[in-house]
2 protein chains.
Amino acid sequence: MTDSRLPECGVARFLTLLNGPWATLIVRELLHGPHRFNQLREALPGISPHTLTSRLRQFERHGIVTRTTYAQIPPRVEYELTPLGEGLRDVLEAMGTWAMDVPDPAADVAV
Amino acid sequence: MTDSRLPECGVARFLTLLNGPWATLIVRELLHGPHRFNQLREALPGISPHTLTSRLRQFERHGIVTRTTYAQIPPRVEYELTPLGEGLRDVLEAMGTWAMDVPDPAADVAV
């Protein structure tokens, strides 16, 4: 057993696979379809190229995303969810549905 | 509109309400029932008292957790999920179910 093994607890394993808010937001974008690297950067203002590269490589390593290079000039590279990655649609929908039920205290003050 | 308002996007809103891995792991523990502060600390090795206090206050503020003080000597304080917080059970189950379908690359190497 090494530190690089995934946790046995499902929730802890999820938090290792989708670590930090950017990982989940990248998946949210990819659920709309394949994206190029720069399309993801534009869709996620504030993400650093380093973080985006790191998360995409991690997703590839775990079989969540595929990286396809199209032989054209200039070469085109697209990132796309695998069927395993598509399985995150239900998780993100559950997150979003729950979160939209939470009242916004700041909005209450504003009314 | 101020910075303290919750995001309009459900997924981003979720990531604001449950920010960082500890928030989700605290909820995982509270799904087993009410806990005292020190019970949560013991269940979550590595969490700092500052982080635990901060997350619990944030959960109280958003109506996810209640804090109940029992008038006894010494006073007993318990944290418990509200019905809104209980709604996270489905989200965490979805996370865990998905994550357990992801093969562990390190485990493959070990076999």
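Start by selecting helix α4 (residues 49-61) of chain A: at 1.5 Å a residue its 13 residues should span 18 Å, and its end C-alpha atoms are 18 Å apart, which agrees. The expected span is 1.5 Å times one less than the number of residues. Helices (H or I, at least four residues) and strands (E, at least two) are DSSP runs, numbered from the N terminus.

You are looking at a predicted model, where local features need pLDDT of at least 70, side-chain atom pairs count only at pLDDT 80 or more, and totals for chains, interfaces and linings use all residues. Residues are numbered from 1 along each chain as its sequence is written, chains are lettered from A and ligands numbered from 1 in the order in which they are written, and side-chain values use heavy atoms, leaving out hydrogens and water.

Next, show the side chains of A:Thr51, A:Leu52, A:Arg55, A:Leu56, A:Gln58 and A:Phe59, which are buried in α4(A) (under 20% relative accessible area; exposed is over 50%, partly exposed in between; 1.4 Å probe, protein chains only). Look down the axis of α4(A): its buried residues fall within an arc of 160 degrees, so they line one face of the helix. The arc is taken from the directions from the helix axis to the C-beta atoms. On the other side, pick A:His50 and A:Arg57, which are exposed.

Finally, go to A:His35, in the loop between α2 and α3 of chain A. A:His35 counts as buried, because its relative accessibility is 12%. Now select A:Gly33: its backbone oxygen lies 2.7 Å from a polar atom of the A:His35 side chain.

Key. A polar contact is a pair of N or O atoms within 3.5 Å; within protein, one must be able to donate a hydrogen and the other to accept it, and residues adjacent in sequence count only if both atoms are side-chain atoms.
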